[in-house]
Structure formats: structure tokens, C-alpha cells
Amino acid sequence: MNAAKKIRRFIEEGHDPQQMQVLKELATALEMGRSFDLSLLYDIDMRYFDVAIDLLKDWRFDHHIASRSKLLEQLLTEIAPERQVLMTASKEESTDSPKAAKAKK
């Protein structure tokens, strides 16, 4: 189970409000791109700290996936026009070849 689901479950089960507040603030900061005071993690129990670390790992992994897909999208948009030019050029060359000339006759 990923960290976000664990935090949601903790909230639904009514776990320690002070501990949960730190996790909520961390999740909000990551989602909104805001700063977060890491010293708050020092004050929570190890169980909640582990979930916070898992949340950071999940967030980082998701950002890498998003970055990779954006890169792939950019590369495809750059490569697609180049491939079309190459394919068009190769088709033109094949129609200009002697075999293609014989086939036209």
C-alpha cells in the first residue's frame, strides 16, 4: 500500500491528531510545492515518521516518472517531424531510382 493510502486510512481511523497533522502538512506541502519544516518530522513517532519517508519516496518517484514522460513526449514531437522528412526523402529517392523508372514505363 502506498503512503497516501496509509495516511488516508490513518485519518479515517482517527489516529493521533498531532501526529496526523504533521503528515497532512507534509502531504499538502509536497502536492502544492510549498516549503515544509523538516524538524516537525523529528517530533512524530517512528510509525508516522516511516510513513512520512514513504510519502517522500513516492512523491520523488512520481516526479521522476512525470519528468520521464514529459521528456519522451518532447522527444517524440521533435523526432516525428524529422522522421517524416526522412521518410518523404526516402520515398522520393525510391521513385527516382532506375528500378522505379522502369516500373513507371
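Modeller: This is a predicted model, in which local features need pLDDT of at least 70, side-chain atom pairs count only at pLDDT 80 or more, and totals for chains, interfaces and linings use all residues. Residues are numbered from 1 along each chain as its sequence is written, and side-chain values use heavy atoms, with hydrogens and water left out.

Biologist: Which residues in helix α1 are buried?

Modeller: Buried means under 20% relative accessible area, exposed over 50%, and partly exposed in between (1.4 Å probe, protein chains only). Helices are DSSP runs (H or I, at least four residues), numbered from the N terminus. In α1, residues 3-13, the buried ones are Ala 3, Ile 7 and Phe 10. Seen down the axis of α1, they fall within an arc of 60°, so they line one face of the helix; the arc is that of the directions from the helix axis to the C-beta atoms. The face turned away from this buried side carries the exposed Glu 12 and Glu 13.

Biologist: How do the axes of α1 and helix α2 cross?

Modeller: Axes are lines fitted to C-alpha atoms, for helices over the stretch in contact, with angles from 0 to 180 degrees between N-to-C directions. Those of α1 and α2 (residues 17-32) come within 11 Å and cross at roughly 145°. Contact means heavy atoms within 4.5 Å; here Ile 7, Phe 10 and Ile 11 of α1 meet Met 20, Leu 23 and Lys 24 of α2.

Biologist: With which residues is Leu 30 in contact, leaving aside its neighbours within four places in sequence?

Modeller: Leu 30 contacts Leu 55, Leu 56 and Trp 59. Leu 30 lies in α2 and is buried, with a relative accessible area of 15%.

Conventions: Helices (H or I, at least four residues) and strands (E, at least two) are DSSP runs, numbered from the N terminus.
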